[in-house]
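Hi,

Here is the structure we talked about. Please open it alongside this note; my findings follow below.

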Amino acid sequence: MKKVIIVGAGMGGLTAAAYLCKENYAVLGGFHLKENNNQLNLTMKYFIENKINKLYLGHCTSDLVIDVMKENLSDKIELDLLKCGSIIEL
């Protein structure tokens, strides 16, 4: 069974939520990341180390962060702006 984390706005708890639900396949939603900073780097590192396979970026994720994540996690980014009406196949 594939496990998916769905977040409205991740705030500071995005990786904490993913950590509590071990062996996740994907994370969907607003990551609440605005800047290319240490928090972004630690979040990307977490996704890599914990083998999160798919990322669906949503609201409250800045264009800058989306670009940085696409550059560093291109194999994981499935949808760079999740919005109402988006169709997702897992």
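F31 counts as buried, because its relative accessibility is 0% and the cut-off for buried is under 20%. Keep in mind that this is a predicted model.

F47 is buried too, with a relative accessible area of 0%. Y46 comes out at 14%, so Y46 is also buried.

Now the rings. There are 2 aromatic pairs. In the pair F31 and F47, the ring centres are 5.8 Å apart and the planes sit at 50°, so this pair is tilted. It joins distant parts of the chain: F31 lies in the loop between strand 2 (24-30) and helix 2, while F47 lies in helix 2, 16 residues apart. The other pair is Y46 and F47. Here the centres are 6.3 Å apart and the planes are at 70°, so the pair is edge-to-face. Together, the ring pairs link F31, Y46 and F47 into a cluster.

Next, the core. The largest nonpolar core has 19 residues. Those touching the most other members are V27, F31, L40, F47, L55, L57 and M69. Several elements each supply at least two residues of this core: strand 1 (3-9), helix 2 (38-49), strand 3 (54-57) and helix 3 (63-72). For background, nonpolar side chains tend to be buried together in soluble globular proteins.

Which residues does M69 contact, leaving aside neighbours within four places in sequence? They are F31, L40, M44, F47, L55, L57, S74 and I77. So both members of the tilted ring pair, F31 and F47, are in contact with M69.

Best wishes

Definitions and conventions: Residues are numbered from 1 along each chain as its sequence is written. This is a predicted model: local features need pLDDT of at least 70, side-chain atom pairs count only at pLDDT 80 or more; totals for chains, interfaces and linings use all residues. Side-chain values use heavy atoms; hydrogens and water are left out. A nonpolar core is a set of buried Ala, Val, Leu, Ile, Met, Phe, Trp, Tyr and Cys residues joined through side-chain atoms within 4.5 Å. Buried means under 20% relative accessible area, exposed over 50%, partly exposed in between (1.4 Å probe, protein chains only). Helices (H or I, at least four residues) and strands (E, at least two) are DSSP runs, numbered from the N terminus. Contact means heavy atoms within 4.5 Å. Rings of Phe, Tyr and Trp (its six-membered ring) pair if their centres lie within 6.5 Å; planes under 30 degrees apart count as stacked, over 60 as edge-to-face and the rest as tilted.
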